[in-house]
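Open the model in your viewer and keep the selection tool ready. The stops below go one by one.

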Amino acid sequence: MKKLILTAFSLATAFAAHAQLQPAKQTPESSELWSPVPRVVTPGKPSTAVSGFTAPSDAIVLFDGKNLDAWVSGKDGKAAAPWTVGDGAMTVAPKSGDIQTKQTFGDYQLHIEWRTPAKVEGNSQGRGNSGIFMQGIYELQVLDSYNNPTYSNGQAGSIYKQTMPLVNATVGPGEWQTYDVVYTAPHFNKDGQMTIPPYITVIHNGVLVQNHTMIQGTTPYVGQPVIEPHGKGPIKLQDHNNTTSFRNIWIREL
């Protein structure tokens, strides 16, 4: 009997076909995963009060605490980024809109630090919510997930509405947290079919939470992933009406 051999191509094609199948009517709850719940892991403490490592010599510094010159906003990506800058951090100006980098990227290593508000307001997805979008499309969730029940594939460290983190490595509200990301972009053929899916590895506060995870397609609030052919894209940060802050952002193209 012949053995069935699944290649990377056939797997990618299968996922692409699956992602395109959309039920006739869906709600946000239809793509929420509440069980299992990632176990809690307490990250190690930083050895100094200094913010992480400085950027490597070959890195592109996207935010050094001084200004938003590397960022834009608006649907056409031409307006100045309206978020506030102070004390070495940028902070979401609620209802001002998402911001994104002027520069676009393919494969990269990304370092970014974030902090949810020290004063806890709201619950579940309404608490310190933001997001970091790879190539402006695929969301790595930012959320205050410290003693804050929500759906597992929507908590901090998740690929939103797709893959829950391996563990919950979140620290308390008002504390700085770190994501170190290795991302490889998808490949498409001339007909727009995905031949190689995007993959992401995420280390949250020194703890592995996504291990070469395949991203299945877009990360919508309602509905299932969809395959959308694209080229290089920006790093996008989400305005979710919470005053979440970011600092020390740099990227290395691979």
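Select S73 first: this residue stands opposite I99 in strand 6. Strands here are DSSP runs (E, at least two residues), numbered from the N terminus. This is a predicted model, where local features need pLDDT of at least 70, side-chain atom pairs count only at pLDDT 80 or more, and totals for chains, interfaces and linings use all residues. Residues are numbered from 1 along each chain as its sequence is written, and side-chain values use heavy atoms, with hydrogens and water left out.

**The sheet**

Now select residues 71-73 and 99-101. These are strand 2 and strand 6, antiparallel and joined by 3 bridges. Two strands pair if DSSP finds at least two bridges between them. Widen the view to an open sheet of 6 strands, paired antiparallel in the order 3-2-6-15-8-9. Its edges are strand 3 (79-80) and strand 9 (138-142), each pairing on one side only.

**The core**

Next, pick W71 and F246. They have the most contacts inside the largest nonpolar core, which holds 40 residues. Such a core is a set of buried Ala, Val, Leu, Ile, Met, Phe, Trp, Tyr and Cys residues joined through side-chain atoms within 4.5 Å. Elements giving two or more residues to this core include strand 1 (60-63), strand 10 (177-184) and strand 16 (245-253). Strand 7 gives the largest share, 4 residues.

Is L110 buried or exposed? L110 counts as buried because its relative accessibility is 0%. The cut-offs are under 20% relative accessible area for buried, over 50% for exposed and partly exposed in between, with a 1.4 Å probe and protein chains only. Beyond neighbours within four places in sequence, its contacts (heavy atoms within 4.5 Å) include I132, M134, Y179 and W250.

Then jump to P197, in the loop between strand 12 (194-196) and strand 13. P197 has 5% relative accessibility, so it counts as buried. Its C-alpha lies 9.9 Å from that of T213, 16 residues apart along the chain.

**The pocket**

Finish with E139, Y160, Y221, Q238 and H240. Of the 13 residues lining the second largest pocket, these lie nearest its centre. A pocket is found on a 1 Å grid over the protein atoms alone, as an open set of points where a 1.4 Å probe fits, with protein on both sides within 12 Å along at least five of seven lines; lining residues have an atom within 4 Å of a point.
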